[in-house]
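Hi everyone, thanks for coming. Let's take a short walk through a structure together, so please have a look at the screen.

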Amino acid sequence: MTPAINLAKKKNVPHKVHQYKHDPSNQNYGLEAVEALGQNPECVFKTLLFSLDGQDKNLAVAVIPVASKLNLKLAAKVAKSKKADMADPSIAQKTTGYIVGGISPIGQKKALPTFIHSSALALDLMCVSAGKRGLEIELTPEDLAKLTRAQFVDLCI
C-alpha cells in the first residue's frame, strides 16, 4: 500500500487500483501507463511539480492529461505567482515522499497547492499515479479534488 491508496481508503473514497509491470528503460511514465492499462489517454493524468518565483522549495502541483504539456505561464497565473519553472526532481521527491515517475497528487508528505486541468471535469473517472511506478489509482475528478484540496483550472495550451 502507498500513502495515496491508504488516504483514499481512510476517507472512504471509491477507487480502483491498477497495477502493471513498469519497464525501467521507459522514461515516459504516463504514456507507459496508458499503453499498459489500455486506457484512453484523456483519462490518465500525470503529476508535475513546479516551483514558484524562482524559489526551489516553493512548490505547487499540476495534474494534467499525460499527452499534454504544462503551460508554465498558466501555472504561475493560477498559483498567483509571477513565474513558474519545473521543480528540481530531487526536491520534488523529497517534498512529496514519492519517486519521479510515481509521484501521486494524493497523500504527499507536505500539502502543496494543487491544480487539476479543467478537462478532468468532463470525465466520470480518471487515473493518476498511486505512488509507485506501475501503480495507478482510478477515481472521480471530484474525489481527487477533495483528497488534494485542488482547484480545477486551465493548465495546458
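Let's start with threonine 95, which is buried, at a relative accessible area of 16%; buried means under 20% relative accessible area, exposed over 50% and partly exposed in between, with a 1.4 Å probe and protein chains only. Before going on, a word on the source: this is a predicted model, where local features need pLDDT of at least 70, side-chain atom pairs count only at pLDDT 80 or more, and totals for chains, interfaces and linings use all residues. Residues are numbered from 1 along each chain as its sequence is written, and side-chain values use heavy atoms, with hydrogens and water left out.

Where does threonine 95 lie? You'll find threonine 95 in helix H4, residues 89–96; helices (H or I, at least four residues) and strands (E, at least two) are DSSP runs, numbered from the N terminus. Setting aside neighbours within four places in sequence, threonine 95 is in contact (heavy atoms within 4.5 Å) with Leu59, Lys109, Lys110 and Leu112.

Next, leucine 123, in the loop between strand E5 (114–117) and strand E6 (126–132). Leucine 123 is buried too, with a relative accessible area of 16%. Not counting residues up to four places away in sequence, leucine 123 touches Glu42, Cys43, Phe45 and Pro141.

Of the 8 residues in H5 (141–148), 6 are buried, among them Pro141, Leu144 and Leu147. Their cover includes helix H1 (3–10) and strand E3 (55–65). After H5 comes arginine 149, with a positive phi near 55°.
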